[in-house]
Amino acid sequence: MKIFFKLLFITTVALTSTQTNATLWEKIKTPIRGKAQSIGGYSNGCIIGATPLALQGEGYQVIRSARNRYYGHPELLDYLINLGKKTKAAGIPTILIGDMGMPAGGRFASGHASHQTGLDADIWLRFGPMDNQTARNPAGLATIMVNRNTQRVYDNLWQQQHTDLIKLAASDNRVNRIFVNPAIKVKLCQTAGNDRAWLAKIRPWYGHDAHFHIRLTCPADATSCENQAPIPAGDGCGKELYSWFEPKPDTGTPATKTLPTPPVQCQMILSEQGLN
């Protein structure tokens, strides 16, 4: 009974804190010790045992490190390190890795609803390298690949290396989805050639016109991690894709969004860190 009331108290405090102050997780500056475990869902979770990615490695460079968002599950680090090696071997310039997750995961104050379980990472559609000072805070240096008025990719900016990079990124079996702007998905459908199986993982989503967002499947031993539903069959280049360009009906005043209750394990982490 005491345990029940303790958890009830933590739930109430943590939910209230999360609703009124979305930066609680940003106050945790170092990873939570323990075996690596992604907990909860991509947009409502946390991580134990996260690892920081080295800011530079073969074929890659971490940018925006001033934000302290370069932590992830060891599977994500292994994936990104291997992707850097593969892209370098393919003759692709240095890839720029943006936001991953925070030391204990959890919700960002701004920028993303997801990236909470150490299994997400952004890669810019601008190639590097950058000098270390610029890479630390490269404000305003992203390359916008999509004309936001015509909703089409700038043909003078898009290179075959962009298609090759995203194809390489999607080809790892650990990848669950890769989010891109709908216009970029169209460009990929047009430039993929005959090998199209990887296109199924490329999912259109709002924004994402200067970077693409990689999401890994929950590791096999992450029993508290919540995967997304399976992706639909096919390459995703048909009617579903082009529906993203249709005018959206006016539904009136948008409903107020309520943040979901964090998983109990995540609430316990906040409590143990004194963030209640």
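Residues are numbered from 1 along each chain as its sequence is written, and side-chain values use heavy atoms, with hydrogens and water left out. Since the model is predicted, local features need pLDDT of at least 70 and side-chain atom pairs count only at pLDDT 80 or more, while totals for chains, interfaces and linings use all residues.

**Exercise 1. Find which residue forms a salt bridge with K35, and state where the two partners lie.**

Step 1. Side chains of opposite charge can pair when their charged atoms come close. The rule applied here calls a salt bridge a side-chain nitrogen of Lys or Arg within 4 Å of a carboxyl oxygen of Asp or Glu, and by this rule the count comes to 13 salt bridges.

Step 2. The partner of K35 is D221, with 3.6 Å between the closest N and O atoms. K35 lies in the loop between helix 1 (2–20) and strand 1 (37–41), and D221 in the loop between strand 13 (211–216) and helix 6 (239–242), so the pair ties together parts that are 186 residues apart in sequence. Helices (H or I, at least four residues) and strands (E, at least two) are DSSP runs, numbered from the N terminus.

Step 3. For accessibility, buried means under 20% relative accessible area, exposed over 50%, and partly exposed in between (1.4 Å probe, protein chains only). K35, with a relative accessible area of 60%, is exposed, whereas D221, with 38%, is partly exposed.

**Exercise 2. Describe the salt bridges that D99 forms with R67 and with R69.**

Step 1. R67 and D99 meet through their side chains at 3.5 Å, N to O. R67 lies in the loop between strand 5 (60–62) and strand 6 (71–72) and D99 in the loop between strand 7 (95–97) and strand 8 (120–124), so this pair ties together parts that are 32 residues apart in sequence.

Step 2. R67 is partly exposed, its relative accessible area being 40%, while D99 counts as buried at 2%.

Step 3. Between D99 and R69 the closest N and O atoms are 3.0 Å apart. This pair, too, links distant parts of the chain, with R69 in the loop between strand 5 and strand 6 and 30 residues separating the partners. Both D99 and R69 are buried.

**Exercise 3. Work out how strand 8 is covered and to which strand it is joined.**

Step 1. In a regular strand the side chains alternate between the two faces of the sheet. In strand 8, D120, D122 and W124 on one side and A121 and I123 on the other are all buried, and both faces are therefore covered.

Step 2. Strand 8 runs antiparallel to strand 13, and five bridges join them; two strands are taken to pair if DSSP finds at least two bridges between them. Within this pairing, D120 stands opposite R215 in strand 13.

**Exercise 4. Describe how strand 1 and strand 2 are arranged.**

Step 1. The two strands pair in the antiparallel sense over five bridges, and G40 stands opposite G45 in strand 2.

Step 2. Strand 1 and strand 2 form a hairpin, with two residues between them. In strand 2 (residues 44–48), four of the five residues are buried.

**Exercise 5. State which residues lie nearest the centre of the largest pocket, and which strand supplies the largest share of its lining.**

Step 1. On a 1 Å grid over the protein atoms alone, a pocket is an open set of points where a 1.4 Å probe fits, with protein on both sides within 12 Å along at least five of seven lines, and lining residues have an atom within 4 Å of a point.

Step 2. The lining of the largest pocket consists of 21 residues, and S43, S114, F179, W205 and R215 lie nearest its centre. Strand 13 gives the largest share of the lining, three residues.

**Exercise 6. Locate N181 and name the residue whose backbone oxygen lies 2.8 Å from its side chain.**

Step 1. N181 lies in the loop between strand 11 and helix 5 (182–191), and at 12% relative accessibility N181 counts as buried.

Step 2. The residue is G207, whose backbone oxygen lies 2.8 Å from a polar atom of the N181 side chain.

How values were computed. A polar contact is a pair of N or O atoms within 3.5 Å; within protein, one must be able to donate a hydrogen and the other to accept it, and residues adjacent in sequence count only if both atoms are side-chain atoms.
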